[in-house]
Amino acid sequence: MSIITGYDPKTLRETIDVAAAESRLAELGTLRSLSALNEKVSLLRLLDRLDEAWDVANEALRQARFSGDREQALAARIRRAQVQQYQGKLAPALTDLTICVEEARGHEWSALEATALLARGKTSFDQRDYTDALRDFKAAVFLWEKTGASIDQLESTMIAIGVAEAFAS
């Protein structure tokens, strides 16, 4: 069963199966592995438990940095910036995501670059900057296609493009 059931055509936010998200969060319980923390950040964000999501995102970022795995640390930074976006802290989220895009591009981590571009595009969309949002969404699609991404990843980005184009016109 998928937790994400679709996307709101006005906000680009994920629509979710709340019961499934809460059930999965309960399953994760007190697990502290990096993968568990990362999943908790996403679930808490989707459940609109943003203060908790912020705390766990910072914990995940610290753990990823201590591991020495720069790619994992970058992924954690992207997730943390997504929480900032949901909190309405759009300027810091854009700054963090721009840094993440550049770092991913510099290391040729195309999937992470696409993820950061999509998140930055959604943040620009929240600021009603539809031109920048479209640019990032289209770049993300290109990278998703290049990396052989799943149909779900492509679909969510294509939906974002369609919505942003409608708002831009």
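In the predicted model, Asp48 lies in the loop between helix H2 (34-46) and helix H3 (50-67), helices being DSSP runs of H or I with at least four residues, numbered from the N terminus. Residues are numbered from 1 along each chain as its sequence is written, and side-chain values use heavy atoms, with hydrogens and water left out. Because the model is predicted, local features need pLDDT of at least 70 and side-chain atom pairs count only at pLDDT 80 or more, whereas totals for chains, interfaces and linings use all residues.

Although Asp48 is not a glycine, its phi is positive, at about 65 degrees. Most residues other than glycine have a negative phi. With a relative accessibility of 53%, Asp48 counts as exposed; the classes are buried under 20% relative accessible area, exposed over 50% and partly exposed in between, for a 1.4 Å probe and protein chains only. A positive phi of about 65 degrees is also found at Arg128, likewise not a glycine. Arg128 is located in the loop between H6 and H7 and is exposed, its relative accessible area being 65%.

Axes are lines fitted to C-alpha atoms over the stretch in contact, with angles from 0 to 180 degrees between N-to-C directions. The contact (heavy atoms within 4.5 Å) involves Leu34, Leu37, Asn38, Lys40, Val41, Leu44 and Arg45 of H2, and Leu50, Glu52, Ala53, Val56, Ala57, Glu59, Ala60, Gln63 and Ala64 of H3. Its residues comprise 10 nonpolar, 2 polar and 4 charged; Ala, Val, Leu, Ile, Met, Phe, Trp, Tyr, Cys and Pro count as nonpolar, Asp, Glu, Lys and Arg as charged, and the others, Gly among them, as polar.

H2 also packs with helix H4 (residues 70-87), at an angle of about 15 degrees and with the axes 10 Å apart. This angle makes H2 roughly parallel to H4. From H2, Leu34, Asn38, Val41, Ser42 and Arg45 meet Gln72, Ala76, Arg79, Gln82, Val83 and Tyr86 of H4. By residue class, this contact divides into 5 nonpolar, 4 polar and 2 charged.

Leu97 belongs to helix H5 (residues 90-107) and is buried, at 0% relative accessibility. When residues up to four places away in sequence are not counted, Leu97 touches Ile78, Ala81, Ala116, Ala119, Arg120 and Thr123. Thr123 is 26 residues from Leu97 along the chain, and their C-alpha atoms are separated by 9.1 Å.

Helix H7 (residues 130-147) contains 18 residues and reaches 25 Å from its first C-alpha to its last, close to the expected 26 Å; the expected span is 1.5 Å times one less than the number of residues. Buried positions in H7 are Tyr130, Ala133, Leu134, Asp136, Phe137, Ala140, Val141, Leu143 and Trp144. An α-helix has 3.6 residues a turn, so residues three or four places apart point the same way. The buried residues of H7 pack against helix H6 (110-126) and helix H8 (151-168). H7 is followed by Gly148, which has a positive phi near 70 degrees.

Definitions and conventions. Helices (H or I, at least four residues) and strands (E, at least two) are DSSP runs, numbered from the N terminus. Angles under 35 degrees count as roughly parallel, over 145 as roughly antiparallel, 65 to 115 as roughly perpendicular and the rest as oblique.
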